[in-house]
Amino acid sequence: MASLSNARSPFFLILSFAVLLLHSCYADPDPLQDFCVADLKAQNISVNGFTCKPSSTVTSDDFFFAGLAKEGDTGNIFGLNVSSGDVLSFPGLNTLGLSMNRVDLAPGGINPPHSHPRATELVFVIEGRVLAGFVTTSNVLFSKVLNVGESFVIPKGLIHFQFNVGVGKALLITAFDSQLPGVEIIPVALFASSPSIPNQVLAKAFQVDEQIVKDIKSKFGSS
Ligand code: GLV
Ligand code: MN
């Protein structure tokens, strides 16, 4: 019988593979200490996250965040405000593997198609009525109209949106299994990147005239 301590044994190889597979299913890695309040000003940011503040300087305030308490200003082209509660605004989240946003939508407002490369998202409706949806890598749309108290889950990395289909404003809380989910807002990434994606590329990709691309770019203050 092959020895379990033999690193080349089939058992060991299968076990290593299973552990690797399991590990790749995790979101952020588990912490190795009670807490690690981020020192966002530290010069030596070389770990997978942020350097910890010395625990002797940590206070209750480091675990408190009021940034989602106030309604955001939705006076913009999307009728949207996203208040972010990630590790950059709430350093106490560092290494804890989670974060949340407050999403305010004016009547008819939209949180345009976007994706979070590092997180699964849970949408919870506090006020109003929204259409929430995501598209899979097979280009299948899953969507649902959500009312107060209802939730919808957006699998990690998939393109998704929320659209206010109610009569008044809408308020959502979105939770993430990452301290820093990251976001790519599709229209902004494509039409307002820096430097700009060449008009020819976008015209060909969307099968439209370059003038249409220029028009869209101008809506985002880009050229
Ligand atoms: C909603 O989709 C959000 O990213 O907060
Ligand atoms: Mn999102």
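Mentor: Gladly; we will take the disulfide and then the ligand. This is a predicted model, where local features need pLDDT of at least 70, side-chain atom pairs count only at pLDDT 80 or more, and totals for chains, interfaces and linings use all residues. Residues are numbered from 1 along each chain as its sequence is written, ligands are numbered from 1 in the order in which they are written, and side-chain values use heavy atoms, leaving out hydrogens and water.

Trainee: Why is the link of Cys36 and Cys52 called a disulfide?

Mentor: A disulfide is a pair of cysteine sulfur atoms within 2.5 Å. The sulfur atoms of Cys36 and Cys52 are 2.0 Å apart, so the pair qualifies. The structure holds one disulfide.

Trainee: What makes this link left-handed?

Mentor: The angle about the S-S bond of Cys36 and Cys52 is -100°, and the link is left-handed.

Trainee: How do you know that Glu121 makes a polar contact with ligand 1?

Mentor: A polar contact is a pair of N or O atoms within 3.5 Å. An oxygen atom of ligand 1 is 2.7 Å from an N or O atom in the Glu121 side chain, so this pair counts.

Trainee: Which residues of the shell around ligand 1 are nonpolar, polar or charged, by number?

Mentor: Two are nonpolar, seven polar and one charged. Asp, Glu, Lys and Arg count as charged, and Glu121 is among the residues around ligand 1 (a heavy atom within 4 Å), so Glu121 counts as charged.

Technical notes: Polar contact = N/O pair within 3.5 Å; in protein donor to acceptor, adjacent residues only side chain to side chain.
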